[in-house]
Amino acid sequence: MGDLKQYGLVRAQERLRDQVGHALRAALIAGELRPGQVYSAPGLASDLGVSATPVREAMLDLAREGLVEPVRNKGFRITEVSERDLDQYTELRTLIEVPTVGRVTRTAARERLEELRPVAEEIVARAREHDLIGYLEADRRFHLALLALSGNERLVETVGDLRKRSRLYGLTGLDEAGLLVSSAEEHVELLDLMIAGNARGAEACMRRHLGHVRSLWAEGRDGPAGGR
């Protein structure tokens, strides 16, 4: 019985850690946690109404994703992303994703592409519902699942890492301005082009979409909720 009780406690602690991580990601997206600022685990724990332990554990998870970095004896600093960084991430994603989309359009079974439609539509729904966490999660699943049809696991890992490093801050302001919905709808447009076998059109759509995302980064950094 003792082992079973201990297992239950561990699972409960894991769930709390996940809940705290979800709350911290939401605060990052909303611009409430500001790039360059150092936050202590006890301070964040007080704000969240939990103990410091799950906050430290959740912050270590975020550190592995590149969202924060530990500061000895102080806490965690929200990592900053420069304009040059964003330009370079966009260039890398364009070099990888545009030709991959063209190749997948020419080689993937239409049925496999059609399986991604619910996710593409979920992205749009989340944008319209102002569910920012859901929006980013659905967007991540769509892009990585699409790239996975290339059969290149390392390519998917690389783009996944680039996405983490080029995350959006202050999405609340963009959402309030209605800028996310048009970007979300491009996923459905891209999928329609790919299912139609229009490789050139799909490549152009992906290139435009990545440029659109880069402009959203600029808006998010310069706007009132941009985390500056």
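pLDDT is the predictor's confidence in each residue, on a scale from 0 to 100. This is a predicted model, in which local features need pLDDT of at least 70 and side-chain atom pairs count only at pLDDT 80 or more, while totals for chains, interfaces and linings use all residues. Residues are numbered from 1 along each chain as its sequence is written, and side-chain values use heavy atoms, with hydrogens and water left out.

**Confidence**

The chain has an average pLDDT of 85, and 85% of the residues score at least 70. Helices (H or I, at least four residues) and strands (E, at least two) are DSSP runs, numbered from the N terminus. Confidence in the chain is lowest in helix α1 (residues 2-30), with a mean of 68, and highest in helix α5 (residues 110-114), at 97. The pLDDT is below 50 over residues 1-10, a stretch with zero contacts in the model beyond near neighbours in sequence; contact means heavy atoms within 4.5 Å. Residues 223-228 also stay under 50, and for them the model has 18 contacts beyond four places in sequence. Where pLDDT is low, the predicted coordinates should not be read in detail.

**The sheet**

Three strands form an open sheet in the order β1-β3-β2, with antiparallel pairing. Two strands pair if DSSP finds at least two bridges between them. The edge strands are β1 (38-39) and β2, each of which pairs on one side only. Two bridges connect β1 and β3 in the antiparallel sense, whereas four bridges join β2 (residues 68-71) to β3 (residues 75-78). β2 and β3 form a hairpin with three residues between them, and Asn73 in the turn has a positive phi of about 65°. Residue partners across the sheet are listed below.

| Residue | Partner in β3 |
|---|---|
| Val38 | Arg77 |
| Glu69 | Arg77 |

Helix α3 (residues 52-64) lies across β2 and β3 and runs at about 120° to β2.

**Helix packing**

Two packed helices are described by the angle between their axes and the distance between the axes. Axes are lines fitted to C-alpha atoms, for helices over the stretch in contact, and angles run from 0 to 180 degrees between N-to-C directions.

Helix α6 (residues 117-128) packs on helix α7 (residues 132-148) at an angle of about 160°, their axes being 8 Å apart. α6 and α7 are therefore roughly antiparallel to each other, the term for angles over 145 degrees. Their contact is made by Val119, Ala120, Glu122, Ile123, Arg126 and Ala127 of α6 together with Gly134, Tyr135, Ala138, Asp139, Arg141 and Phe142 of α7. By class, this contact of α6 with α7 has seven nonpolar, one polar and four charged residues. Ala, Val, Leu, Ile, Met, Phe, Trp, Tyr, Cys and Pro count as nonpolar, Asp, Glu, Lys and Arg as charged, and the others, Gly among them, as polar.

The axes of helix α4 (residues 83-107) and helix α8 (residues 153-165) come within 10 Å and cross at roughly 145°. The contact involves Tyr89, Leu92, Arg93, Ile96, Glu97 and Thr100 of α4, and Leu155, Thr158, Val159, Leu162, Arg163 and Arg165 of α8. The residues of the contact of α4 with α8 divide into six nonpolar, two polar and four charged.

Key: Angles under 35 degrees count as roughly parallel, over 145 as roughly antiparallel, 65 to 115 as roughly perpendicular and the rest as oblique.
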